[in-house]
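Colleague: I've just opened this one and could use a quick tour. Can you walk me through it?

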Amino acid sequence: MSFLAPLALIAAAIVGPMIVAMYLLKLRREERVVSSTFLWQRMVRDIEANAPWQKLRRNLLLLLQLLLMLLLVLALARPFIPVTGISGANLIIIFDRSTSMLATDEPPSRLEAARRQAMALIDQLPDNGRATIIAIGGQMEAPIASSSDRRELRRVIEQIQPSYSNQSDLSQALTLASALAAREPDSEVAIISDGNVKVPDGLRVPARVRYFPIGRSADNVAINAIALQPGAFEQTLFVQATNYGDRPVTRRMSIYLDGKLDFAIDLTIEPGREQSLTQPIPATVSIIEARLDERDALPVDDRAYAVSPQRETVRVRLVSDGNRFLQTGLSLLPGLEVVQVPTTTTTFPESAAEIPLTIFDGTVPATLPPGNLLFIGPLQSTELFSITGEFDFPLVRPTALEDPILRNVRFTDVNILRAPRIVSGSWARVIVDSDGGPLLLAGEREGRRIVVLAFDLHASDLPLNIAFPILLSNMIEYLLPVSSLQLTTGQPIVAPVDSSIEEVRIIRPDGQVVSSRDGLVQIRANQTFYTNTDLPGIYTLEERRGNTVIASRRFAVNLFAPNESRIAPQRDLTIPQLSGAQSTIARERDGRQEIWRWLALAALIMLLIEWLFYQRNALSILRQRWRRRTAESS
């Protein structure tokens, strides 16, 4: 134990002797001569007690007063116990509330464990300390800043709710924390998280950063993909589950059709691998739910939903001399009418409104048609990119795993024989790179979207991989942005609406109803926008005219966040600090827990005991009088 104000202990050397002296020094009485002292023992004792100096006797009152003095002096010295925590006077807490914090390996959940840790840090603040709370996970929030009101700080921590986000990003939070720390001396940043966060590059925090890891287990299985493809007489359901843990597991997957259990299957999944299920279902089914039974550490990703597609038919031009892989993949996508033309075609008279997407398979025309473009295995340069050569057996290196085009796609399992060396303009972002050049590009130029898959499908095993139909669907979805019925949490619901509609309602999965009349659902330019899709499940959109429902459609919102389903806690974070430190591990003696309040309370109790002892005779008389009155009244 150490002291913040050790000089206060000098008071014990000053006040202690004064208390003892009060019991040693007594008033000298006038001496009288008597004939005998045999019957005067009390008088003799009284004379001895009032001598100016005498030997101390056992006195409970003296001991109580000395103990009271000692407790008060120790409280003034402000003793503290070294603990894992903080020691700065200006504390900035970054609180992770993302989906992975709902894991139950820390009872009752990681989020509650994080609350307890935050409360402990607030209790460690010195008397003049201040704290700021920054919540990350989804949209960053700072509900309270530079406050010394501990009750309000605890209330804010208690009210932090989880966010079903794809990942916690520390960039904005650390930027804000750096700005606050630069203005306040003796600042300290505390990150309370399981470590599944995105750490910014090139930022040096002008304060000490401490990381308090939450979580113990890495075991988790999640449903990370679900799709429903319509057919002429039936629909095809595709569901995929991934084991993010470090040991094999067997889980039962149950499939519910329109709310009723249809069948179940046991899946054995190796660590870091996935298992998929493809099953035909009746064409009349409109809502499908997949569940993983036997709850694991993160139950929120054990369910996924899909709704039957309700998309209007869109014409797509395919410029190809024949590609069975591509033709089959496009035929499985709902709402597409594929118009195939030979590679010798040089003119494209249709407008972008008539054919909004053109796919070039192994060919590039002299004049590009209007609308969005998808190039597969281009052989020559265009105004959009240049072909400078060719390279063999490229080493695949995905660079944008969070890009929507790579959603649920495992590109590292793809083997490629050869690919052209492409140099793109500033319009393109590289999604999949390699040691010889980019393999997948996407971007926008002059108001139209463009995707380039550099290699020929026949020169790779991609068409034989389960990733191919998912990748093709993602590319088409990017190139034909329409009102999607399959969304991830946080994505807005966007749907066209007739101008005669008076009200649009959204029925959320929890049963809550929001309306355009209360401003929670927006209607602009004959389109409906609803952004609060934070909860996984089925959302129902109703178009109303008066009390009549004119049209209704459903949207499936799923978590599908690999970064959050991968719940293995990180033991340390690498965050550069101006002091030169990189590690954020909170060591055992980083913080201090002051105990002067408990000593002050003990001193107050001791003062009460001392007063009761001093007044024991008066209290005894009062007690006797009370008993006498009670007896007389009875």
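Predicted model: local features only at pLDDT ≥ 70, side-chain atom pairs only at ≥ 80, totals over all residues.

Colleague: How many cavities of 30 Å³ or more does a search of the whole structure find?

Modeller: Two cavities turn up at 30 Å³ or more. The largest cavity holds about 60 Å³ of space.

Colleague: And which elements give two or more residues to the lining of the largest cavity?

Modeller: Those are β10, residues 221-230, and α9, residues 562-565. Among the lining residues are Ala222, Ile223 and Asn224, along with Pro562 and Ser565. Tyr244, Asp301 and Arg303 belong to the lining too.

Colleague: How do the lining residues of the largest cavity divide into nonpolar, polar and charged?

Modeller: Seven are nonpolar, three are polar and two are charged.

Colleague: OK, on to pockets. What volume does the second largest pocket have?

Modeller: Its volume is about 1,100 Å³. The second largest pocket has 36 lining residues, and Leu401, Glu402, Leu406, Asn408 and Pro562 are the ones nearest its centre.

Colleague: Which elements give two or more residues to that pocket's lining?

Modeller: β6 (168-169), β11 (234-243), α8 (467-479) and α9 do. β11 gives the most, with three residues. By type, the pocket lining has 13 nonpolar, 14 polar and nine charged residues.

Colleague: Let's switch to rings. How many aromatic pairs does a search of the whole structure find?

Modeller: The search gives three aromatic pairs. In one of them, Phe348 and Phe360 sit edge-to-face, with 6.1 Å from centre to centre and 85° between the planes.

Colleague: Which parts does that pair tie together?

Modeller: Phe348 is in the loop between β18 (336-341) and β19 (357-361), while Phe360 is in strand β19, so the pair ties together parts twelve residues apart in sequence.

Colleague: Are those two buried or exposed?

Modeller: Buried is the word for Phe348, because its relative accessible area is 12% and the cut-off for buried is under 20%. Phe360 is buried as well, with a relative accessible area of 1%.

Colleague: What about Phe375 and Phe385, what kind of aromatic pair do they form?

Modeller: They form an edge-to-face pair, 5.3 Å centre to centre with 85° between the planes. This pair links distant parts of the chain, since Phe375 is in strand β20 (residues 372-376) and Phe385 is in strand β21 (residues 385-392), ten residues apart. Phe375 is buried at 0% relative accessible area, and Phe385 counts as buried at 2%.

Colleague: Which residues form one aromatic cluster?

Modeller: Phe348, Phe360, Phe375 and Phe385 form one together.

Colleague: Now charges. Where does the charged end of Arg291 sit?

Modeller: It is over the ring of Tyr256, 3.9 Å from the ring's centre. Arg524 has its charged end over the ring of Phe529, 4.5 Å from that centre.

Colleague: Last topic, the largest nonpolar core. Which residues there touch the most other members?

Modeller: Ile359 and Leu440 do, in a core of 42 residues. The elements giving two or more residues to this core include β17 (314-319), α7 (324-331), β19 and β20. Also among them are β24 (428-434), β25 (440-445), β26 (448-453) and α8.

Colleague: And which of those gives the most to this core?

Modeller: That would be α8, with nine residues.

Technical notes:
Residues numbered from 1 in each chain as written. Heavy atoms only, no water. 1 Å grid on protein atoms, 1.4 Å probe; cavity = no way out; pocket = protein on both sides within 12 Å on 5 of 7 lines; lining within 4 Å. Points joined across faces, edges and corners; volume = space filled by probe spheres on them. Helix = DSSP H or I, 4+ residues; strand = E, 2+ residues; numbered from the N terminus. Nonpolar A, V, L, I, M, F, W, Y, C, P; charged D, E, K, R; others polar. Phe/Tyr/Trp six-rings, centres within 6.5 Å; stacked < 30°, edge-to-face > 60°. Buried < 20%, exposed > 50% of the residue type's maximum accessible area, 1.4 Å probe, protein only. Lys NZ or Arg CZ within 6 Å of the ring centre and 35° of its normal. Core = buried A, V, L, I, M, F, W, Y, C linked by side-chain atoms within 4.5 Å.
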